[in-house]
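Dear colleague,

Please read them with the coordinates open.

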Amino acid sequence: MKFFIDTANVEEIRRAAACGIISGVTTNPSLIAKEGRDYATVLKEITEIVDGPISGEVEATTTDAEGMIREGREIAAIHKNMVVKIPMTEEGLIACHTLSQEGIKVNVTLIFSANQALLAARAGAAYVSPFLGRLDDISYPGIDLVRTIEEIFMNYNLNCEVICASVRNPIHITDCALAGADIATVPYKVLKQMMLHPLTDAGIEKFAADYQKVFGKE
Ligand code: G3P
């Protein structure tokens, strides 16, 4: 399973990229609003840090296919690695179909059912983003959706990658990997949690204490 980072914070992206653990980036209107910076400028900066798929979403207030197609072309023009993120609606599918036919990669987002994922893949999406955490929030196990989508895509050999989104904790990550998901897009906070283990910290402290007892402080 590959990791994308789910953030529009350039510093977080730099840190994760320096570790060599991320293959791409996803953003969304909420993450962009949190940064309070010009969207196109942020996306351009991100393309200079990560050489992999970077999802930029059409404006949250754009709901018609024509508007999404226009904005999608603008996002795609920023850099060859840009992927246009489009919400799962009927208008979104029209936009996905048109942009995909032009050779622009589309990530259909806000996927909450297997049928939505299947439709998006048929409309030409390169990626679908099921939202695990938000399903868990309403007492439906989000991971079940990921498993179902993976199974369906395998049945038909669909050329569409599954990006597990709305990932909230390290257990989500292990579950996604076990489900055979292609990608998990992970907030920086969760990437940090994945790196940590109390026994690792305790081990580092013990090695340092043992060393210093004999050799003193460097
Ligand atoms: O990738 C989608 C993600 O950013 C949504 O996460 O935690 O707001 O459900 P969350």
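Which residues does Glu150 touch, once residues up to four places away in sequence are not counted? Please keep in mind, as you look, that this is a predicted model. In this model Glu150 touches Val162, Ala179, Gly180, Ala181 and Asp182. Glu150 itself sits in helix α8, which covers residues 142–155. Although Glu150 is buried, it has no salt bridge, and the nearest side chain of opposite charge, that of Arg147, is 11 Å away.

Salt bridges

The structure holds 11 salt bridges, and I describe some of them here. Arg14 is paired with Glu11 in a salt bridge whose closest N and O atoms are 3.2 Å apart. These two residues are separated by about one helical turn, because they are 3 residues apart in helix α1 (residues 10–18). Arg14 counts as partly exposed, with a relative accessibility of 40%, and Glu11 likewise counts as partly exposed, at 47%.

Another salt bridge is formed by Glu45 with Arg37, and there the closest N and O atoms are 2.5 Å apart. Glu45 is partly exposed at 23% relative accessibility, and Arg37 is also partly exposed, at 37%.

The side chains of Arg73 and Glu102 meet in a salt bridge as well, with a distance of 2.6 Å from N to O. This pair links distant parts of the chain, since Arg73 belongs to helix α4 whereas Glu102 lies in the loop between α5 (90–101) and β5 (106–111), the two being 29 residues apart. Arg73 has a relative accessible area of 42% and is partly exposed, while Glu102, at 39% relative accessibility, counts as partly exposed too.

Surface patches

Which residues gather in a patch of negative charge on the surface? They are Asp64, Glu66, Glu90 and Glu91. Asp64 is found in the loop that runs between β3 (54–57) and α4 (65–78), and this residue is partly exposed, with a relative accessible area of 36%.

The segment after α11

Gly216 lies in the segment after α11, where this glycine counts as partly exposed at 26% relative accessibility. How many Å separate the C-alpha atoms of Gly216 and His197? The separation is 27 Å, for two residues that are 19 residues apart along the chain.

If you go through the model in this order, you might begin with Glu150, which is buried yet has no salt bridge, and then turn to the pair of Arg73 and Glu102, which links distant parts of the chain.

Methods:
Residues are numbered from 1 along each chain as its sequence is written. This is a predicted model: local features need pLDDT of at least 70, side-chain atom pairs count only at pLDDT 80 or more; totals for chains, interfaces and linings use all residues. Side-chain values use heavy atoms; hydrogens and water are left out. Patches are made of residues with over 30% relative accessible area and no salt bridge: like charges are joined within 9 Å, nonpolar side chains (Val, Leu, Ile, Met, Phe, Trp, Tyr) within 5 Å. Accessible areas come from the Shrake-Rupley method with a 1.4 Å probe; for residues, only the protein chains shown count as cover. A salt bridge is a side-chain nitrogen of Lys or Arg within 4 Å of a carboxyl oxygen of Asp or Glu. Lys and Arg count as positive and Asp and Glu as negative; His and the chain ends are not counted. The place of a charge is taken as NZ of Lys, CZ of Arg, CG of Asp or CD of Glu. Helices (H or I, at least four residues) and strands (E, at least two) are DSSP runs, numbered from the N terminus. Buried means under 20% relative accessible area, exposed over 50%, partly exposed in between (1.4 Å probe, protein chains only). Contact means heavy atoms within 4.5 Å.
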